[in-house]
Amino acid sequence: MPETITITDDRTGKTVTAPIRGGVFPSSALRELDPDLYCYDPAYLSTASTKSAITFLDGAEGVLRYRGYPIEQLAERSTYLEVAYLLLYGNLPDSAQLDQWTFDVTHHTFIHENMRKRFVDGFHYDAHPMGMFVSALAALGTFYEGAKDVGDPAARQRQILRLIAKAPTIAAMCHRFSVGLPFNQPDNNLSYPANFLNMMWKIGDYEVDPVLARAMDVLFILHADHEQNCGTTAMRVIGPSGADPYSSAAGAAAALYGPLHGGANEAVVRMLGEIGTFDEVPAFIDSVKTGESRLMGFGHRVYKNFDPRALIIKKAAYDVFDVTGKNPLLDIALKLEEAALEDPYFIDRKLYPNVDFYSGLIYQALGFPVDMFTVLFAIPRMSGWLAHWQELLIDPERKIARPRQWYDGPGERNYVAIADR
Ligand code: ACO
């Protein structure tokens with residue numbers, strides 16, 4: 001069977017044959033046929049927008065690998081900082097590289113005092129922490145002279161380090177501000193996840209529980225990258241315009257904020273709370289089937305079998321509940337999952353629990369308010385965004401993103417004075 005595709009333009013009889021590699025053919029073949037011919041592909045359902053060597057995802061088989069390593073092995077044996085290095089630099093670090101990387105990240109965790117005093121203090125007292133986080137990322141770029149030197153590899157590395165190191169600090173600061181607590185400075189003696197938990201919760205003699213720090217780290221690993229999702233695509237669209245990485249990351253975080261993307265775990269917990277009791281589950285399932293409600297935390301654009309992250313998270317949830325006690329919403333979630341997985345509506349549409357179905361329950365058991373859930377997603381996703389940003393900036397085929405449209409509006413018409421309309 002030839003690994004090619006032949007397209008004929010029936011209007012002209014012109015034919016073009018293009019190679020198929022890895023299930024993809026170059027759309028430049030269409031330009032050869034007719035430079036004014038475009039594919040109409042809303043939401044990029046059939047379009048590979050980039051070549052990437054970072055994350056492999058097979059939705060039908062439920063496979064997720066970072067730089068070739070299965071997510072299950074990384075979640076079991078690695079740490080988030082090691083995974084961030086892997087995503088950014090392509091290979092697992094040796095021990096000297098990991099020590100240096102950990103030292104560097106740890107020593108960039110502090111933020112300029114004016115970020116808190118002048119910027120964060122300006123928010124309304126009940127501002128949503130994700131709105132604050134998105135804005136804080138863009139604001140952070142204004143503190144660093146070299147932020148705009150995106151063509152300079154050394155400057156790029158400095159910004160990458162700063163963004164990964166400061167994301168937990170900003171996240172914790174947004175939370176402390178929203179509940180009126182004084183900001184905790186980073187503690188450079190703690191690991192990345194433990195430092196974050198410490199900045200979030202330390203009052204008096206608080207000590208980070210190592211089981212909870214490990215659970216946080218596993219959640220960070222699972223959320224670090226997910227190839228060309230909505231937020232990463234935003235990063236890849238903004239980055240090639242030459243914007244600094246703080247602004248690009250703010251754009252990616254804004255995309256993540258939406259309830260159909262990173263905001264889904266917040267929506268899951270709210271949904272479980274609204275269902276309220278075990279007995280209400282069948283009625284809720286009926287309302288999903290009639291289109292009145294959406295089963296949040298179910299379904300995925302790519303995974304049509306199972307989401308491998310959901311399986312790992314479900315196990316991590318039980319580790320956390322052993323320390324914190326069971327989240328009362330867990331029973332409703334389990335019942336909902338059981339009912340959905342047996343129901344032809346969900347089976348026929350290949351709807352399975354995604355990463356967000358259980359992550360919210362863990363976050364809640366760890367004490368995080370629902371408003372913080374998307375921020376918790378954004379902290380580790382920073383390494384994925386930056387890995388894609390870096391990959392794109394050094395790609396010789398890079399061009400500014402500029403899709404075409406299928407114009408569907410009125411033809412030319414003349415301006416009418418307001419009195420005559
Ligand atoms: N509840 C009920 N029905 C659903 C759900 C759901 N969660 N998800 C999809 N469907 C239905 C759709 O109504 C559609 O039915 P139809 O064929 O009768 O019209 C069918 O399944 C196909 O769904 P689409 O919306 O076309 O699937 P798409 O790939 O565009 O959407 C998405 C994927 C956005 C994730 C969707 O499944 C959804 O809204 N899920 C709930 C939100 C959620 O959990 N988001 C988190 C995703 S993971 C992440 O971003 C980290």
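Two residues are in contact when they have heavy atoms within 4.5 Å of each other. The model shown here is predicted, so local features need pLDDT of at least 70 and side-chain atom pairs count only at pLDDT 80 or more, while totals for chains, interfaces and linings use all residues. Residues are numbered from 1 along each chain as its sequence is written, and side-chain values use heavy atoms, with hydrogens and water left out.

View 1. Is Glu337 buried or exposed? Glu337 is buried, with a relative accessible area of 11%; buried means under 20%, exposed over 50% and partly exposed in between, using a 1.4 Å probe and protein chains only. Setting aside neighbours within four places in sequence, Glu337 is in contact with Phe298, Lys314, Pro353, Phe357 and Tyr358.

**View 2. The second largest cavity.** A cavity is a set of points, on a 1 Å grid over the protein atoms alone, where a 1.4 Å probe fits but cannot get out, and lining residues have an atom within 4 Å of a point. Grid points are joined across faces, edges and corners, and a volume is the space filled by probe spheres set on the points. The second largest cavity holds about 40 Å³ of space. Its lining includes Gly299, His300, Tyr303 and Pro353. By type, the lining residues of this cavity are 4 nonpolar, 3 polar and 2 charged. Nonpolar covers Ala, Val, Leu, Ile, Met, Phe, Trp, Tyr, Cys and Pro; charged covers Asp, Glu, Lys and Arg; the others, Gly among them, are polar.

**View 3. The largest cavity.** Which residues sit closest to the centre of the largest cavity? About 80 Å³ of space lies in this cavity, and of the 15 residues that line it, the closest to its centre are Thr106, Thr109, Ser191, Tyr192 and Asn195. Helix 4 (95-106), helix 7 (153-178) and helix 8 (192-201) each supply at least two lining residues. Helix 8 gives the most, with 4 residues. The lining of the largest cavity divides into 8 nonpolar, 6 polar and 1 charged.

**View 4. Stepping back to the chain.** The protein chain has 18 helices and 5 strands. Buried residues make up 48% of its 421 residues.

Terms used: On a 1 Å grid over the protein atoms alone, a cavity is a set of points where a 1.4 Å probe fits but cannot get out, and a pocket is an open set with protein on both sides within 12 Å along at least five of seven lines; lining residues have an atom within 4 Å of a point.
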